[in-house]
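This report describes how the parts of one protein chain are arranged. Look at the sequence and the structure first, then read the sections in order.

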Amino acid sequence: MFMRACSTLLLCLLLTACEERSALHSRLSEQDANEVIAELADKNIEASKQVDKDGMTVLVEPADMNSAVHVLEAAGLPRRSRSSLGDIFRKEGVISTPLEERARYIYALSQELESTLSQIDGVVLARVHVVLPERVAPGEPVQPASASVFIKHTGALDPDSITPRVRNLIASGIPGMADAAHNASKLSVVFVPTVPYQERRKMAHFGPFVMQAEEVAYWRTVTVVAGILLLGIVLGAGYGLYRLWRKGALTLPRLLEQKLAGSSAPDAPPGGTTAPLFAVKTAGAGSHDKGSAA
């Protein structure tokens, strides 16, 4: 009965210690979820994924939520989903105005260029703003096309070596900008290095030990469970010895027998041998005693 109660208590403590994981990002594709989990694993943050009806969901421990958000923000993950030209100009049976068609075309063009720039190694985030040639008013000259590019990158990317290729890519991908690759007034490219996330974990004291604050609850639970198990082992061993003594299989020390029986018999002489703490009675010894008595 006692051991059953200890087992139940131990199970309750273990279930309490196992916290439910929280959702970090949801509605992700399989590739995005894998990239997120790989990036967190590089920073020693354990994460898992589960399949939902809307896509993949990445789960982390509640204690790692803050660190995981900062790590993914510095890495530019998960990557922002972009629409292609086919998605923007999907036929839906609704007639659009020329202004709407122009806005959708500019948006789709910038999305395609951003997607291409994001494929460059070291690029964390890429944004492209496009201005197509436009006549402001009748009789006015046509405003030339222009574009601005923003690239957030890691230390693995060298802006000086990549800038000419980026300018040629943008100039050749936007109508009316074939001669703007070396014209800073028509095409501007800005590189901003990302700041790596430096994790700062809070430290706390647990008895004489200093450890991370999020680990204190775990070791406190381990200590409580170990104490309960040790107490159960000691009480179980004591109860087992008591049962053996009640059955006559063990003999107690003389001093303990005197206290239990209330006897006032004198102790053993100084030169005599001291009785062991516990002695096990054998069947042969009991029959020999009976034969002597006879």
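## Glu-39 and helix H2

Glu-39 is part of helix H2, which covers residues 30-42. The model is a predicted one. Is Glu-39 buried or exposed? Its relative accessibility is 18%, and buried means under 20%, so Glu-39 counts as buried. Leaving aside residues up to four places away in sequence, Glu-39 touches Val-71, Leu-72, Ala-75 and Leu-77.

Glu-39 also takes part in a salt bridge with Lys-43, where the closest N and O atoms are 3.2 Å apart. Lys-43 has a relative accessibility of 34% and therefore counts as partly exposed.

In soluble globular proteins, nonpolar side chains tend to be buried together. Here the largest nonpolar core contains 23 residues. Which residues have the most contacts inside this core? They are Val-130, Val-149, Val-166, Ile-170 and Ile-174. At least two residues of the core come from each of these elements: helix H5 (98-118), strand S4 (123-131), strand S7 (146-153), helix H6 (159-173) and strand S8 (187-193).

Val-166 touches Leu-117, Val-149, Ile-151, Val-189 and Phe-191, again not counting residues up to four places away in sequence. Another core, of 15 residues, lies apart from the largest one. Leu-24, Leu-28, Met-56 and Leu-72 are among its residues.

## The sheet

Three strands make an open sheet with mixed pairing, in the order S4-S7-S8. Why is one side of S4 and of S8 left without a neighbour in the sheet? Both strands stand at the edges and have a single partner strand each, so one side of each has no neighbour there. On average, neighbouring strands of this sheet are turned by 10° against each other, direction ignored.

S4 and S7 pair in the antiparallel sense, over 8 bridges. Val-131 has Ser-146, in S7, as its bridge partner.

## Helices on the sheet

H5 packs on the sheet and touches S4 and S7. The direction of H5 makes about 150° with that of S4. H6 packs on the sheet too, touching S4, S7 and S8. The direction of H6 makes about 140° with that of S8.

An α-helix has 3.6 residues a turn, so residues three or four places apart point the same way.

## Salt bridges

How many salt bridges are found in the whole structure? The search finds 5. One of the salt bridges joins Lys-49 and Glu-30, with 2.7 Å between the closest N and O atoms. This pair links distant parts of the chain, since Lys-49 is in strand S2 (residues 47-52) and Glu-30 is in helix H2, 19 residues apart. Lys-49, at 33% relative accessibility, counts as partly exposed, and Glu-30, at 41%, also counts as partly exposed.

Glu-114 forms a salt bridge with Arg-127, and their closest N and O atoms are 3.3 Å apart. Because Glu-114 lies in helix H5 and Arg-127 in strand S4, the pair ties together parts that are 13 residues apart in sequence. Glu-114 counts as buried, at 2% relative accessibility, whereas Arg-127 counts as partly exposed, at 33%.

Definitions and conventions: Residues are numbered from 1 along each chain as its sequence is written. This is a predicted model: local features need pLDDT of at least 70, side-chain atom pairs count only at pLDDT 80 or more; totals for chains, interfaces and linings use all residues. Side-chain values use heavy atoms; hydrogens and water are left out. Helices (H or I, at least four residues) and strands (E, at least two) are DSSP runs, numbered from the N terminus. Buried means under 20% relative accessible area, exposed over 50%, partly exposed in between (1.4 Å probe, protein chains only). Contact means heavy atoms within 4.5 Å. A nonpolar core is a set of buried Ala, Val, Leu, Ile, Met, Phe, Trp, Tyr and Cys residues joined through side-chain atoms within 4.5 Å. Two strands pair if DSSP finds at least two bridges between them. Axes are lines fitted to C-alpha atoms, for helices over the stretch in contact, and angles run from 0 to 180 degrees between N-to-C directions. A salt bridge is a side-chain nitrogen of Lys or Arg within 4 Å of a carboxyl oxygen of Asp or Glu.
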